[in-house]
Amino acid sequence: MEQSLPRFLADVMLGRLARWLRIFGYDTAYLHRSEDDFLIYLILEDPKRTLLTRDVELATTPLLADNKAFLVKSTNLAEQIEELRTAFSIAPRKPAMCAHCNRRLVTVEKERVVDAVPQYILLNRDSFWRCPLCERVYWEGTHQEGMNRFLGYNIWGEA
Ligand SMILES: [Zn+2]
């Protein structure tokens with residue numbers, strides 16, 4: 001199933017969008033580098049990924065023809081997500097990817113996150129996930145709930 005999901009490489013302008021795509025469960029590479037040649041190289045090496053960029057010139061370069069790049073038009077995060085919804089039919093799915101390292105989260109028992117999670121969260125949540133790389137703990141809801149309502153999504157919060 002994961003094989004059929006779109007995968008992305010976000011350019012340096014799209015860090016926030018990249019984090020949200022990960023929280024939505026989509027493999028989204030993001031590097032703090034912006035050289036066009038380098039991004040083009042990465043996409044050609046990894047053809048299952050689509051480059052997300054706000055750079056018209058980069059998006060329309062002949063090397064990235066055949067939908068290898070997608071031009072993100074808006075600077076507004078919610079509108080950007082809407083653009084991705086329209087173009088790639090993205091929808092929040094579980095488990096998410098870690099917003100920081102782009103690793104697929106794994107389910108973790110509540111008893112095992114007691115030291116990593118605030119008391120009020122432990123009392124109010126039952127499902128927890130951990131990043132296998134950075135070990136950040138995630139649960140549903142939390143401080144991003146305002147954004148969830150705004151978008152009409154039930155997505156994940158972040159530790
Ligand atoms: Zn992580």
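## A buried ring and its partner

Phe 8 has a relative accessibility of 0% and therefore counts as buried. The model in which this residue is found is a predicted one. Tyr 26, at 1% relative accessibility, is likewise counted as buried.

A search of the whole structure finds five aromatic pairs. One of them joins Phe 8 and Tyr 26 in a tilted arrangement, with 6.4 Å from centre to centre and 55° between the planes. Because Phe 8 belongs to strand 1 (residues 7–10) and Tyr 26 to the loop between helix 1 (15–23) and strand 2 (28–30), this pair ties together parts that are 18 residues apart in sequence.

## A second pair and the cluster

Phe 70 and Phe 88 also form an aromatic pair, which is edge-to-face, with 5.3 Å centre to centre and 75° between the planes. This pair links distant parts of the chain, since Phe 70 lies in strand 4 (residues 69–71) and Phe 88 in helix 4 (residues 77–88), 18 residues apart. Phe 70 is buried, with a relative accessible area of 17%, whereas Phe 88, with 22%, is partly exposed.

Phe 8, Tyr 26, Phe 70 and Phe 88 form one aromatic cluster.

## The zinc site

The zinc ion is coordinated through the SG atoms of Cys 98, Cys 101, Cys 131 and Cys 134, at 2.1 to 2.3 Å, and the spacing of these donor residues in sequence is C-x2-C-x29-C-x2-C. The angles among the four donor atoms are 107 to 112°, and the site is tetrahedral.

Of these residues, Cys 131 is buried, with a relative accessible area of 1%, while Cys 134 counts as partly exposed at 29% relative accessibility.

Key: Residues are numbered from 1 along each chain as its sequence is written. This is a predicted model: local features need pLDDT of at least 70, side-chain atom pairs count only at pLDDT 80 or more; totals for chains, interfaces and linings use all residues. Side-chain values use heavy atoms; hydrogens and water are left out. Donors are N, O and S atoms within 2.8 Å of the metal (3.2 Å for Na, K and Ca); water is not among the atoms, so sites may look incomplete. Four donors count as tetrahedral if all angles lie between 85 and 135 degrees; four count as square planar and six as octahedral if opposite donors are over 155 degrees apart and all others between 65 and 115; anything else is irregular. Buried means under 20% relative accessible area, exposed over 50%, partly exposed in between (1.4 Å probe, protein chains only). Rings of Phe, Tyr and Trp (its six-membered ring) pair if their centres lie within 6.5 Å; planes under 30 degrees apart count as stacked, over 60 as edge-to-face and the rest as tilted. Helices (H or I, at least four residues) and strands (E, at least two) are DSSP runs, numbered from the N terminus.
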